[in-house]
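Hello,

Here is the structure I promised to hand over. Please have a look at it first; my notes follow below.

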Amino acid sequence: MPRKYFGTDGIRGEFGVDPLNENFFVNLGIAIGKSLLKTGKNNKSVIFGSDTRESSNRIIDLISRGLSFEDCKLYNAGIVPTPAIAFCLKEKKYDLGIMVSASHNLYQDNGIKIFNDQGFKISVDDEEYIESYIDIIQKQEIEIITDNFKLIDVSDNIVTDYITFCLKSIRSLKAKNMSLTLDLANGSNYKIGKKVFYEAGYEVTSHNDNPNGKNINHKCGSTYINEFPEKVKTDNSLFGISMDGDGDRLLITDNNGRIFDGDDILYTIILGKKINKEQINGVVGTTMTNCALENYLEKENIPFVRANVGDKFILKKMIDNNYNLGGETSGHIIMLEHSSSGDSIIAALQFLYYSDIL
């Protein structure tokens with residue numbers, strides 16, 4: 001059955017324009033509470049994160065109004081990348097996570113991505129369940145007149161713990177005197193990204209790290225890569241890491257101007273793992289994955305399957321086949337040994353680690 005609101009990666013569209021008006025987000029909060037937090041097996045604890053769009057805080061308030069109607073306990077991680085919310089669910093034991101973001105879209109758009117208590121994006125069945133509740137609620141015309149909800153700020157602890165989590169994903173911090181250029185897309189990683197790579201031992205030059213609510217992804221980030229190789233050369237960096245606005249995908253360029261897309265990043269990690277004699281039990285790509293990568297995996301007797309475009313579809317295939325590595329050409333890289341979500345920082349750290357041993 002066609003879905004009305006959810007697309008390949010959550011809900012996304014122009015904020016304030018039907019159907020994503022303010023009343024919709026209140027109803028969405030009620031629907032999420034009724035559909036996903038309806039059992040006695042949880043405490044109805046929900047954690048929010050957001051990127052740097054000017055509408056993000058307003059959306060959090062609106063959804064919180066709806067969730068408070070269902071007596072949910074609400075927490076706010078502040079401006080964090082999408083994978084930090086997945087981390088919160090997996091490590092901190094919240095019942096649900098909501099990332100307010102429109103990913104690589106420009107600031108006029110916004111939306112949400114929802115994570116379950118295991119740190120995975122909710123299923124298509126869950127999305128359809130939410131949509132059915134939204135339709136019921138809209139017909140009932142429920143009126144909520146109170147803004148009297150409590151949203152607990154946990155941002156300082158979450159940021160600190162997430163940075164530590166990222167650094168633990170690499171075996172050694174041996175990057176002294178290696179220079180990197182970062183394009184942070186004026187988005188979620190504008191502070192966290194710099195800090196992680198600096199603490200990992202890299203010399204960091206950063207660009208597009210001054211968000212103003214309207215400049216996220218504007219002529220920057222992983223979907224606007226053409227000018228980035230020249231910046232990497234100018235900065236005299238060994239590699240450049242370009243992330244998208246919510247920090248779940250990346251592209252990489254080297255100091256010769258070569259651009260590494262998601263397939264190239266996967267290949268580098270796979271090759272490095274083989275040299276390290278690490279087990280690779282299978283890889284998931286998408287319908288867009290380069291055939292050269294598929295042919296290489298076949299030659300190396302590494303199982304490979306394709307999923308529909310979208311990291312949640314990749315993840316489902318990974319879980320179904322018990323594979324721990326997957327990704328798509330656009331730069332979502334999922335490594336289940338480290339994270340339950342695509343993570344631009346962890347993927348970059350892994351790429352840098354493995355490229356150093358090739």
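**Notes on the model**

The side chains of S101 and D51 are joined by a polar contact of 2.7 Å. Bear in mind that this is a predicted model.

S101 sits in the loop between β5 (96-100) and β6 (109-115). Its relative accessibility is 1%, so S101 counts as buried. A polar atom of the S101 side chain also lies 2.8 Å from the backbone nitrogen of S103. Leaving out residues up to four places away in sequence, S101 touches I11, D51, R53, N110, G111, I112 and D246.

Next, the aromatic rings. There are 13 aromatic pairs in the structure. In one of them, F87 and F165, the ring centres are 4.8 Å apart and the planes meet at 35°, so the pair is tilted. This pair links distant parts of the chain: F87 belongs to helix α3 (residues 82-92) and F165 to helix α5 (residues 155-167), 78 residues apart. Both F87 and F165 are buried.

F165 also pairs with Y162, again tilted, at 6.2 Å centre to centre and 35° between the planes. Y162 and F165 are three residues apart in helix α5, so about one helical turn separates them. Y162 is buried at 0% relative accessible area; for F165 the value is 17%. Elsewhere, ring pairs link Y5, F15, F24 and F25 into a cluster.

Last, the cavities. The whole structure has four of 30 Å³ or more. The largest cavity holds about 60 Å³ of space. Its lining is F6, D9, G10, K113, I114, K121, I122, E127 and K312. Of these lining residues, three are nonpolar, one is polar and five are charged.

Best wishes

Technical notes. Residues numbered from 1 in each chain as written. Predicted model: local features only at pLDDT ≥ 70, side-chain atom pairs only at ≥ 80, totals over all residues. Heavy atoms only, no water. Helix = DSSP H or I, 4+ residues; strand = E, 2+ residues; numbered from the N terminus. Buried < 20%, exposed > 50% of the residue type's maximum accessible area, 1.4 Å probe, protein only. Polar contact = N/O pair within 3.5 Å; in protein donor to acceptor, adjacent residues only side chain to side chain. Contact = heavy atoms within 4.5 Å. 1 Å grid on protein atoms, 1.4 Å probe; cavity = no way out; pocket = protein on both sides within 12 Å on 5 of 7 lines; lining within 4 Å. Points joined across faces, edges and corners; volume = space filled by probe spheres on them. Nonpolar A, V, L, I, M, F, W, Y, C, P; charged D, E, K, R; others polar. Phe/Tyr/Trp six-rings, centres within 6.5 Å; stacked < 30°, edge-to-face > 60°.
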